[in-house]
Amino acid sequence: MPKHRYLHLDVFTDQAFTGNQLAVFPDGRGIDGALMQRIANEMAFSETTFVLPADDAGTDARMRIFTPLRELPIAGHPTVGTTFALAHEGVIEAGRDRFVFGLGVGPTSVTLEWDGDRLAFAWMRQPVPEFGPALHDVAAVAAALGVDAADIAATGLPPERASAGLPILFVPLASRAAVDRAWLDAARMGAVFEGAGMEPTAVFVFTQEPGSDGATAYSRMFAPMFGIPEDPATGGASGPLGCYLLRHGAVSRNAARALLSLQGAKMGRPSRIHMDVASDADGAVTQVRVGGRAVLVAEGTLLV
């Protein structure tokens, strides 16, 4: 009987039972794509990853990422978490400063920070996101999220789509209370997307209302089309979030180099996602990084 070992990590946290859960199969050889999808559905985490030998020049390993319903070309919490898993396994040797994954969007580098022989932090480099369109029917967007139109309008910022490999609709809200009240009505939001001539996407709500936690943004993410009703931490949305804030003047160029999103708090799984958005004097984004920590929670063997 085949046996496939996996690691269970909590990502974008350094405390077990918080952050975003991830299953990592450090040796995905012998598992075909159809079985990977079935395994991800069985695990029922936001994502499950499978590490394979590198097949592109300039990469160290290939990684495939699956939600319970589909494969993704790129995602942040799986990339950061898998980096920690491979460091635990010794695949990434202590002290190494860079590791490159082959993802569906191409080579993706991760910069590593160590505390002795223990990986302490990982920074994932992301593509510069593409923006547009914005959604102008604020009342319809608000209704689909169960909030008031004033909760959006008061921010002075638009609901707008951005993509760094995976399109996401960003919806600003005026307060943390509004973020906590939000819940996605997929059918109503689907009608909003259809009316705007857009394909349905995940929806990321956030506020810049400050709190004692020091977060730049307090956020939640809904992605039912991926089999994820709510995601505790979304690294693939966090880079575009930082770029969105810079693009609309919600943060300064200097402040964009050290942003923090607190996500998952409403779920009882707080996640701290760091963002570093560099730009030139004309405001053009030149580099996007998302970073964080992860903690190993469990190990197991799948018998399939």
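Predicted model: local features only at pLDDT ≥ 70, side-chain atom pairs only at ≥ 80, totals over all residues.
In which strand is the place of Ser-109? Ser-109 belongs to strand E7, which covers residues 106-115.

Leaving aside neighbours within four places in sequence, Ser-109 is in contact with Arg-98, Phe-99, Val-100, Trp-123, Met-124 and Arg-125. Leu-259 lies 150 residues from Ser-109 along the chain, and the C-alpha atoms of the two are separated by 20 Å.

Two of those contacts lead to further features. Trp-123 has Arg-289 over the face of its ring, at 4.3 Å from the ring centre. Phe-99 forms an aromatic pair with Phe-101, to which I shall return.

I turn now to helix H2, residues 76-89, where Thr-82 is found. Is Thr-82 buried or exposed? Its relative accessible area is 0%, so Thr-82 counts as buried. With neighbours within four places in sequence left aside, the contacts of Thr-82 are Leu-22, Val-24, Thr-49, Val-51, Met-63 and Phe-101.

The next topic is the aromatic residues. How many aromatic pairs does a search of the whole structure find? The search gives 10. In one of them, Phe-25 and Phe-50 have ring centres 5.0 Å apart and planes at 15°, and the pair is therefore stacked. Because Phe-25 lies in strand E2 (residues 20-25) and Phe-50 in strand E3 (residues 47-53), this pair ties together parts that are 25 residues apart in sequence. Phe-25 is buried, at 0% relative accessible area, and Phe-50 is likewise buried, at 0% relative accessibility.

The pair of Phe-99 and Phe-101 is edge-to-face, with 5.0 Å from centre to centre and 65° between the planes. Phe-99 is buried at 3% relative accessibility, and Phe-101 is buried with a relative accessible area of 0%. Phe-25 and Phe-50 also belong to one aromatic cluster, together with Tyr-6 and Phe-66.

The structure holds 1 cavity of 30 Å³ or more, and the volume of the largest cavity is about 180 Å³. Its lining comprises 21 residues, with Glu-47, Ala-75, Leu-166, Thr-234 and Gly-236 nearest the centre. At least two lining residues come from each of H2, strand E13 (217-223), strand E14 (228-231) and helix H7 (235-247). By class, this lining has 13 nonpolar, 6 polar and 2 charged residues.

Of its 19 lining residues, Phe-84, His-88, Arg-118, Leu-119 and Ala-294 lie nearest the centre. Strand E8 (118-126) and strand E18 (294-303) are among the elements that each supply at least two residues. The lining divides into 12 nonpolar, 2 polar and 5 charged residues.

The second largest pocket has a volume of about 190 Å³. Its lining has 13 residues, and those closest to the centre are Phe-12, Thr-13, Asp-14, Pro-270 and Arg-272. Which strand provides the largest share of this lining? Strand E16 (residues 271-279) does, with 3 residues. By class, the lining of the second largest pocket has 4 nonpolar, 6 polar and 3 charged residues.

Definitions and conventions
Residues numbered from 1 in each chain as written. Heavy atoms only, no water. Helix = DSSP H or I, 4+ residues; strand = E, 2+ residues; numbered from the N terminus. Buried < 20%, exposed > 50% of the residue type's maximum accessible area, 1.4 Å probe, protein only. Contact = heavy atoms within 4.5 Å. Phe/Tyr/Trp six-rings, centres within 6.5 Å; stacked < 30°, edge-to-face > 60°. Lys NZ or Arg CZ within 6 Å of the ring centre and 35° of its normal. 1 Å grid on protein atoms, 1.4 Å probe; cavity = no way out; pocket = protein on both sides within 12 Å on 5 of 7 lines; lining within 4 Å. Points joined across faces, edges and corners; volume = space filled by probe spheres on them. Nonpolar A, V, L, I, M, F, W, Y, C, P; charged D, E, K, R; others polar.
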